Amino acid sequence: MKWKELEEEPCSMARTIGVIGDRWTLLILRECFLRTRRFEGFQSALGITRHLLAERLKKLVRQGILRRIPYQESPKRHEYILTQKGLDLYPIMMAIVHWGDTHMVDERGRPLLHQHRKCGKDFDPVMVCSECGEPLSAKEVHTHPGPGARSTPPNPASAASKAKARSRAA
């Protein structure tokens, strides 16, 4: 599967990776959630080349994740603001941060703490079932085909190897 073909796959994970799956895009999104809005701010925070940054920002705008708003006329300059589609990436970003805080910190500890404005407490993001509110783990989730699944049955050999891999993971 080619990188540019991911967005066309009948798989939500592949489609999402096709949009946000490279390191620079994820770091740009991190900066957006930290309230960076201007090209120079992204470049300064990330040390990314102008060409690469412009390319990633254009893609995020094209995908409807960011909105480009002019803030200066001469020379013309823009701010990049998260749209609702972009804000909906927050749980994904927090899951990545939590994994990093759990598995990648050094002896100094977490580089950033996240505080819930409503209660004033620092928190760890948790994933819960939308129906019953119970915390979720990989072992407690079963998947089955949804309405957007492929209409042709998968290769039986491939399905058997996937089932074997799932049983080893459990």
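Trainee: What joins β1 to β2?

Mentor: A hairpin of four residues joins β1 to β2. Helices (H or I, at least four residues) and strands (E, at least two) are DSSP runs, numbered from the N terminus. This is a predicted model, where local features need pLDDT of at least 70, side-chain atom pairs count only at pLDDT 80 or more, and totals for chains, interfaces and linings use all residues. Residues are numbered from 1 along each chain as its sequence is written, and side-chain values use heavy atoms, with hydrogens and water left out.

Trainee: In which sense do β1 and β2 pair?

Mentor: Antiparallel, over six bridges. β1 covers residues 66-72 and β2 covers residues 77-82. Strands pair if DSSP finds at least two bridges between them.

Trainee: Which residue in β2 stands opposite Pro 70?

Mentor: His 78.

Trainee: How many helices and strands does the protein chain have?

Mentor: Seven helices and two strands. From the N terminus on, the order is α-α-α-α-β-β-α-α-α.

Trainee: New topic. How many residues has the largest nonpolar core?

Mentor: It has 20 residues. Ile 28, Leu 29, Leu 57 and Ile 65 have the most contacts inside this core. A nonpolar core is a set of buried Ala, Val, Leu, Ile, Met, Phe, Trp, Tyr and Cys residues joined through side-chain atoms within 4.5 Å. Buried means under 20% relative accessible area, exposed over 50%, and partly exposed in between (1.4 Å probe, protein chains only).

Trainee: Which elements give two or more residues to this core?

Mentor: α1 (12-20), α2 (23-33), α3 (39-46), α4 (50-62) and β2. The largest share, five residues, comes from α2. In soluble globular proteins, nonpolar side chains tend to be buried together.

Trainee: And what is Ile 65 in contact with?

Mentor: Leave aside its neighbours within four places in sequence. Then the contacts of Ile 65 include Val 19, Leu 29, Leu 60, Ile 81 and Leu 89. Contact means heavy atoms within 4.5 Å.

Trainee: What share of the protein chain is buried?

Mentor: Buried residues make up 24% of the 170 residues.

Trainee: Salt bridges next. How many are there?

Mentor: Nine. Each is a side-chain nitrogen of Lys or Arg within 4 Å of a carboxyl oxygen of Asp or Glu. One of them joins Asp 22 and Arg 56, with the closest N and O atoms 3.0 Å apart.

Trainee: Where do Asp 22 and Arg 56 lie?

Mentor: Asp 22 lies in the loop between α1 and α2, and Arg 56 in helix α4, so the pair ties together parts 34 residues apart in sequence.

Trainee: Is Asp 22 buried or exposed?

Mentor: Asp 22 is buried, with a relative accessible area of 14%. Arg 56 is buried too, also at 14%. Asp 22, Glu 55 and Arg 56 are linked in a network of salt bridges.

Trainee: Which residue does Asp 106 form a salt bridge with?

Mentor: Arg 108, with the closest N and O atoms 2.6 Å apart. Arg 108 is exposed, at 72%, and Asp 106 is partly exposed, at 32%.

Trainee: Which residues make the nonpolar surface patch?

Mentor: Met 127, Leu 136 and Val 141 make a patch of about 270 Å². Patches are made of residues with over 30% relative accessible area and no salt bridge; like charges are joined within 9 Å, nonpolar side chains (Val, Leu, Ile, Met, Phe, Trp, Tyr) within 5 Å. Areas come from the Shrake-Rupley method with a 1.4 Å probe; for residues, only the protein chains shown count as cover.

Trainee: Where does Met 127 lie?

Mentor: In the loop between α6 (90-103) and α7 (156-169). Met 127 counts as exposed because its relative accessibility is 58%.
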